[in-house]
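This report covers a chain contact, a strand and its partners, and a pair of packed helices. Please keep the structure open while reading.

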Number of protein chains: 2
Amino acid sequence: MPKTNTNPLSGTRDFLPIDVLRRKYVVDIVERVYQKYGFEPLETPTMERLDTLLGKYGEEGDQLIFRVMKRGDKLSRMLEGDPSENTLADSGLRYDLTVPLARVAAEYQAQLPRVFKRYQIQPVFRADRPAKGRFREFFQCDLDIVGSTSQIVEAEVLNAAAEVFHLLGFEGASDFRFRLNHRWVLRGLMAVAGVPHDLEESAIVAIDKLDKIGIEGVRKELLGRSVPASAIESLEQLLDEAPEGNDAVLDWLEEKLSDSEGGSRAVSELRQLVSYIDNGPSSAHLFVDPYLARGLSYYTGPIFEVECAGFRGSAGGGGRYDDLIGMFAGRAIPACGFSLGLERVLLILEERGLFPERLSGQPQALMTLFAEETVAASLRLVQRLRAAGLRIDVYPESGKYAKQFKYADQRGIRYALLLGPSEIEQKTVGVKDLKTGDQRTLTIDELLDFLTSQA
Amino acid sequence: MPKTNTNPLSGTRDFLPIDVLRRKYVVDIVERVYQKYGFEPLETPTMERLDTLLGKYGEEGDQLIFRVMKRGDKLSRMLEGDPSENTLADSGLRYDLTVPLARVAAEYQAQLPRVFKRYQIQPVFRADRPAKGRFREFFQCDLDIVGSTSQIVEAEVLNAAAEVFHLLGFEGASDFRFRLNHRWVLRGLMAVAGVPHDLEESAIVAIDKLDKIGIEGVRKELLGRSVPASAIESLEQLLDEAPEGNDAVLDWLEEKLSDSEGGSRAVSELRQLVSYIDNGPSSAHLFVDPYLARGLSYYTGPIFEVECAGFRGSAGGGGRYDDLIGMFAGRAIPACGFSLGLERVLLILEERGLFPERLSGQPQALMTLFAEETVAASLRLVQRLRAAGLRIDVYPESGKYAKQFKYADQRGIRYALLLGPSEIEQKTVGVKDLKTGDQRTLTIDELLDFLTSQA
């Protein structure tokens, strides 16, 4: 048999049991919180029409879409003509969860409630060059509220996101923070600083890179994007003046932006949002930060990003985008959402040792098999323990204990149950703690109590 | 804006919230049971190398694989040459969960325990012609034990599968049944009946269609596959003689197959399996059925299929396949598994009304908003209820109750919470039952008790 390549495809990953259990641990918390906040789950197909996907993520994005080839006669006809990337494929793999949401919001308008609060946790696909922490298939955990312009929407989204971090073990006020800004605050400040109106969008893309390339880098990039040096200097001076503390920043912004209609409205929206959050789960973590830019051009209102203490880069972010969802419906539909950076969160939890020692779902004990004659009794005991709700694995072959203990050890199962002729006669069970090596003899009822208490 | 096609792609489905919650209800039960039996979760990438996929599912299967196109320079080079289906694509979408398991078992041999008990619940993709109940993306729920030839493996798999059906509400002994046979029992019977040895595999494919095309159809198909008419008649007479009752059938088979080494071993394996199951969850549902064929050629031992009372066709099936898993490892690795027909199970649950009335995850109440001045008090109440673990939705806009009640109704939320100036003053909350129309006034503590009791 020729040895075939059994690696997963470049940029993709096999999740072995321990990986899946860790991912499930996080996803279960995310789902529980999102549901507590009244969000409903949505799932969409892995493949979408190429028409649906193209032109939504910019030119660069279009190049990162995995295209699925036509088949049979359709393919043959295209191969006979002048075959190209677009004629050979008519569908592609999901690139994000926002475009599918927009398609769903348009298709099921009559069925969906006027306000649609949905969460969606599914893999997305990007034909990016694989690198450390950059994958071609990775999960997004999105929650969005579609259909209302009220800032209660932002408050709900931020509180839900904050509660996820609390439950993951980021308990202290300084363990994570939400940077909060408003797209029109930034545009207003640029106008005050003298950045030409038609360069505002472009400048936002440059400012968004502050974390990655530093202030010097941003200056260069702004110059490269034709922003006048004087405007850059004014903008920097202006941002340097910003005071600390949410109320102080908002007061300061109100004054600076008093001449800008959009800027003033933005400040009052932020004030409203902060007041709605009041003492909510996100309040201690909320920092109004006029520097926050968020690169995507589709944001139209408040924007936010979450940072975990001691880790560069964001662990999630989002904001209001009132023009995007309507693209398929043919009418504007307001929306605001948050996307949790699952892969990054998993990394941070690992580095901070925040995963529980025992992950839910692992077996509580292994039933070993002494010899063929004792198998029936062992299987009966297993049935009884499982009927009590316990998770019990059974080794499928009788024989040497050493082999069976090794198996338990490899699987992270701490207790091995031993049932030989003498135990069967005395109606007891041996319980070996594979961590300490201790071994005890218990009655069945004692065993039930013991394992239940370990659960 | 031109109206774009917002349907999901042909053969795929959008799962709106109620659909997702119903699927989750089933999948949660499946996972809980599989974990109780000591199985571990595995997840593999959506895309696999074309090399990995091709040649594993027969010629017909190869045609049903969705191929993902090469990109950039790689694609250009192929387009300049003599482009074909195979040169333009180098990867494809997962077609089942067994080939990925085989790849994983080979790749991580050093890390995985000697016996690998894994379950896997992921979508698979087949470019089949879409039809009622046949999809191009659908979920498989597989559980397999890799690495042991013991019949305890089959017993574990069958008991776990049976417990899933019990928990889904198929409680009676006659609500579902497992048909059980052995690949070598069938081959042995064919030999006795005079079916030429080299036609056995082909005849199995024909017999497998009994449910679909009836005995007359099977006869024709066997003739078409060159099985002599006399052998067909003998086989029919033979199978007609089979008595009722597992012990009686096994005794009868033992006698009929006494001259066949493979047949005799098969009967003793089935006896062993039945004894291991003893009083286990699957025992009351187990029927040894010499007719059962299972179409796939890779089975090498016991085979089984589950049928629900009143429904044609199987709701899942599986068996032992000792030669398949090793195809990537370069050495034989025994295995046995079961695949639950999730889409069919969902259909049966729906037709039999077995879904719970309230699906877990739906909000327990909607906080309505009376007016802008009462919003802060309403949001504080929501925080308090959520802190108690309740799932509470909040309508994001104050105003007419009718609109807010309609929203609750659309989402299937039964209770609307009302908090106007008088309730705020009296520290009470109005609770409207949208099903009956009744409205009551409760204190906050009473409300907490009430909603908790409804959970």
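The text below goes through these topics in turn.

The model is predicted. Chain A and chain B touch through 81 residues from chain B and 81 residues from chain A. On the side of chain B that touches chain A, the largest share, five residues, comes from helix α1 (residues 17-36) of chain B. By class, that side of chain B has 39 nonpolar, 18 polar and 24 charged residues.

In chain A, strand β5 (residues 116-125) is mostly covered, with seven of its ten residues buried.

| Partner of β5(A) | Sense | Bridges | 
|---|---|---|
| β1(A), residues 40-41 | parallel | two |
| β6(A), residues 137-146 | antiparallel | ten |

In chain B, helix α12 (residues 246-256) packs against helix α13 (residues 261-277) at an angle of about 160°, and their axes are 10 Å apart. Angles over 145 degrees count as roughly antiparallel, so α12(B) and α13(B) are roughly antiparallel to each other. The crossing of α12(B) and α13(B) is left-handed. From α12(B), the residues B:Asn246, B:Leu250, B:Leu253 and B:Glu254 meet B:Val267, B:Leu270, B:Arg271 and B:Val274 of α13(B). This contact of α12(B) with α13(B) has five nonpolar, one polar and two charged residues.

Technical notes
Residues are numbered from 1 along each chain as its sequence is written. Chains are lettered from A and ligands numbered from 1 in the order in which they are written. This is a predicted model: local features need pLDDT of at least 70, side-chain atom pairs count only at pLDDT 80 or more; totals for chains, interfaces and linings use all residues. Two residues are in contact if their C-beta atoms, placed from the backbone, lie within 7 Å. Helices (H or I, at least four residues) and strands (E, at least two) are DSSP runs, numbered from the N terminus. Ala, Val, Leu, Ile, Met, Phe, Trp, Tyr, Cys and Pro count as nonpolar, Asp, Glu, Lys and Arg as charged, and the others, Gly among them, as polar. A residue is buried if 20 or more other C-beta atoms lie within 10 Å of its own, exposed if 12 or fewer, and partly exposed in between; C-beta atoms are placed from the backbone. Two strands pair if DSSP finds at least two bridges between them. Axes are lines fitted to C-alpha atoms, for helices over the stretch in contact, and angles run from 0 to 180 degrees between N-to-C directions. Angles under 35 degrees count as roughly parallel, over 145 as roughly antiparallel, 65 to 115 as roughly perpendicular and the rest as oblique. A crossing is left-handed if the near helix is turned anticlockwise from the far one by less than a right angle, and right-handed if clockwise.
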